[in-house]
Amino acid sequence: MSLDLFFQYLFAGITYGAIYAVVAIGFNIIYNATGIINFAQGEFVMLGGMISISLLPFMPLWCAIAAATALTMLIGAAIEMLFIRWLQSPSVLRLIIITIGISILLRESALHIWGESIRSLPYFYGNEITTFSVGSVHISPQVVWVIAASGVMMGGLSLFFKSTPIGREMRACAANRTAALLCGINARNMVTLSFMLSAGIGALAGCVMSPITYTQYDSGTSLAIKGFTVAILGGLGNSMAAVAAGILLGIIEAFSVSVVPLAFQDAISIAILLIILFVKPHGLFGSSEAARLKDF
Amino acid sequence: MLTRKNYSLAGLCLATVGLHLLTVLADAPFYLTQLTMAAYYGLVIIGLGVLMGYAGQISIGHAGFFAIGGYVSAALTTRNLAPFEASWPVRLLDGLGLLVPGQDVYGAHLLTVSPWAACGCAVTAAAVIALIIGVPVLKLKGHYLAMATLGFGTIIYRILLASPYFGEADGISETPGFTLLPALGSWGPLVISGDVEHRVANFYLAWGVLIVGAWLLLNLIGSRVGRALRSLHSSEEAAEASGVDTARFKLQVFILSAVYAAVAGALLTHFNGGIGPSEASVMKSVRYVALVAVGGMTNLWGALIMGVGLTFLSLRGVFGAFDDAVFGLILIFVMLFAPDGILSLRLKPLLRRMFLGGPS
């Protein structure tokens with residue numbers, strides 16, 4: 001493999017990895033707040049892309065993206081209020097099955113609204129063949145958009161959790177729900193907020209990646225599996241590690257294309273998921289001491 | 001309990017005959033085809049029901065085992081081995097009398113594995129894969145178990161879609177019928193195939209397999225193993241402290257349910273004359289989970305009745321384009337309002353509470 005090709009694969013890997021990292025952070029936000037894995041996380045990404053594509057004829061691109069993100073956040077909040085909020089101490093099995101049901105409903109609704117056709121947003125800058133060169137490596141401007149947007153989202157989130165009052169309240173709920181309740185924090189609202197936040201970043205990621213990866217009604221499932229792989233790889237609940245894990249998985253996937261056929265690409269990331277689950281379920285960066293306290 | 005179980009099984013036998021009579025009276029023999037298919041899917045669902053309800057382990061990958069059963073059996077009985085006739089594995093199979101010669105439509109020489117051997121291979125393959133996957137997977141709990149089994153199902157789906165041997169997106173068609181018994185005297189041969197002349201026999205065969213399957217599982221639940229499983233579901237720590245080898249019991253039930261799925265897959269493939277990759281899709285696995293949940297996790301009869309009933313409606317196309325959406329809705333509403341299954345709802349007190357406002 002020549003050096004140019006190496007860098008080309010590397011950039012493709014980082015682009016996909018950034019997207020996986022954002023999906024994984026979406027998993028983490030809800031997991032931290034509620035202790036459940038939202039199997040409908042991938043559908044938020046799909047909804048963001050689809051809604052923005054539908055809104056595009058009526059408004060400029062940035063308006064469509066903002067509106068799609070806001071709408072998906074509302075959908076996320078509605079889902080939490082309708083299906084999760086009023087359950088009294090439900091079992092994990094019940095919650096898993098409910099979120100799987102929600103993901104099916106969102107997917108089927110998308111199928112009936114938008115049909116089976118594959119859509120995409122236009123490139124934010126230039127078109128499919130616009131590239132600029134770094135050395136001898138060609139990079140599409142959209143790649144820069146994806147990486148920048150992911151970076152901004154991650155930075156914004158960590159700022160939000162560290163320095164805003166609401167962010168701190170959410171962290172308090174994640175750390176100890178009972179103690180947070182005793183401090184007068186409304187834990188239920190924090191859960192709703194976590195669903196909104198996670199739907200919002202998922203939708204934004206869905207918009208930014210749509211020109212490169214395209215959007216279809218069923219594109220959420222494989223993204224959800226990969227996002228979950230990344231979340232596990234980094235240690236569930238640990239968002240900074242998820243970024244590193246996301247880029248790692250993206251790069252592994254990109255280079256795997258040169259070894260095995262493209263059709264097996266999904267199977268590779270799932271095989272990584274299974275191996276990690278079997279060997280190191282607390283993640284590459286998590287400590288096994290802390291993991292023993294959690295419920296695997 | 002013993003007599004009640006036998007009465008229920010006898011009731012199921014009578015219901016089978018009753019269903020046949022109904023189709024005869026309604027002059028709608030074509031219903032038998034979907035009833036046959038529904039019975040095979042019912043076999044998957046009761047197997048999964050014991051895994052989920054009694055051993056307390058979720059599996060969102062059972063369509064994978066169904067597909068392993070169907071695809072292995074279909075590929076072995078359909079793919080021509082004649083070009084490899086000189087190689088030692090084929091000669092070994094031939095020596096054991098497991099190969100069937102034949103001719104394709106152009107008159108060329110065909111050599112395929114006999115259905116009995118193919119079905120045996122298919123079920124063994126599913127059991128071995130369940131063993132290999134089960135050892136590490138069943139150590140996981142909750143979300144991790146759900147995701148791991150979902151991942152397993154997806155890998156099987158991807159492999160089937162990507163390998164030319166399994167027909168890629170087209171699947172395998174033209175699978176021959178499965179002659180269970182040769183013709184005896186005035187009786188015709190017993191063949192699993194979709195031909196009209198075998199329709200009634202196949203209906204009784206499928207329901208017979210379902211009844212035998214249910215009988216075995218009911219015996220299992222009532223036995224020492226069943227009590228161990230139930231203790232496992234309510235508290236794994238307590239079960240372990242009482243000396244129950246939890247890991248082994250979980251693994252055994254996992255393999256058993258995989259075998260049920262594989263048997264159903266293999267038989268249904270011969271009945272349909274083919275199989276496609278959609279049988280391995282995640283949606284199918286989720287549907288099996290939904291049907292178990294609707295019937296009630298710890299209610300084998302509920303899972304059987306709802307499983308066969310809803311599958312029959314779905315196969316008849318009652319839900320139209322909203323087929324998957326209906327199963328998603330069912331899944332959510334059952335889990336929200338009746339986590340123990342539809343049949344566990346006590347309608348009388350519920351109605352009284354709704355209309356008279358009495359105490360719950």
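Of the 296 residues in chain A of this predicted model, 47% are classed as buried. The overall dimensions of the chain can be set beside that figure. Along its principal axes, the C-alpha trace of chain A spans about 60 × 50 × 35 Å. A compact globule of 296 residues would have a radius of gyration near 19 Å, and chain A agrees with this because its own value is 19 Å.

The secondary structure of chain A consists of twelve helices and two strands.

Confidence in chain A averages a pLDDT of 85, and 96% of the residues score at least 70. Residues 292–296 of chain A have a pLDDT below 50. Beyond near neighbours in sequence, that stretch has six contacts in the model.

The next topic is the interface between the chains. Here 32 residues of chain B are in contact with 31 residues of chain A. On the side of chain B that touches chain A, the elements giving two or more residues are α6, α11 (282–295) and α13 (323–337) of chain B. Of these, α6(B) gives the most, with 14 residues. By residue class, this side of chain B divides into 24 nonpolar, five polar and three charged.

Helix α6 (residues 142–162) of chain B also packs against a helix of its own chain, α3 (residues 62–78). Two packed helices are described by the angle between their axes and the distance between the axes. For α3(B) and α6(B), the angle is about 35° and the axes are 8 Å apart. From α3(B), the residues B:A63, B:G64, B:A67, B:I68 and B:Y71 take part, and they meet B:F152, B:G153, B:I156 and B:L160 of α6(B). Seven residues of this contact are nonpolar, two are polar and none is charged.

In soluble globular proteins, nonpolar side chains tend to be buried together. The largest nonpolar core here has 195 residues, among which B:A262 and B:A264 touch the most other members. Helix α2 (residues 31–54) of chain B gives the most to this core, with 16 residues. Leaving aside residues up to four places away in sequence, B:A264 touches B:Y40, B:Y41, B:L43, B:V44, B:F66 and B:G69.

Note on methods:
Residues numbered from 1 in each chain as written. Chains lettered and ligands numbered in written order. Predicted model: local features only at pLDDT ≥ 70, side-chain atom pairs only at ≥ 80, totals over all residues. Axes fitted to C-alpha atoms, helices over the stretch in contact; angles between N-to-C directions. Helix = DSSP H or I, 4+ residues; strand = E, 2+ residues; numbered from the N terminus. Contact = placed C-beta atoms within 7 Å. Nonpolar A, V, L, I, M, F, W, Y, C, P; charged D, E, K, R; others polar. pLDDT = per-residue confidence, 0-100. Rg over C-alpha atoms; globule rule 2.2 N^0.38 Å. Buried ≥ 20, exposed ≤ 12 C-beta atoms within 10 Å, placed from the backbone. Core = buried A, V, L, I, M, F, W, Y, C linked by C-beta atoms within 7 Å.
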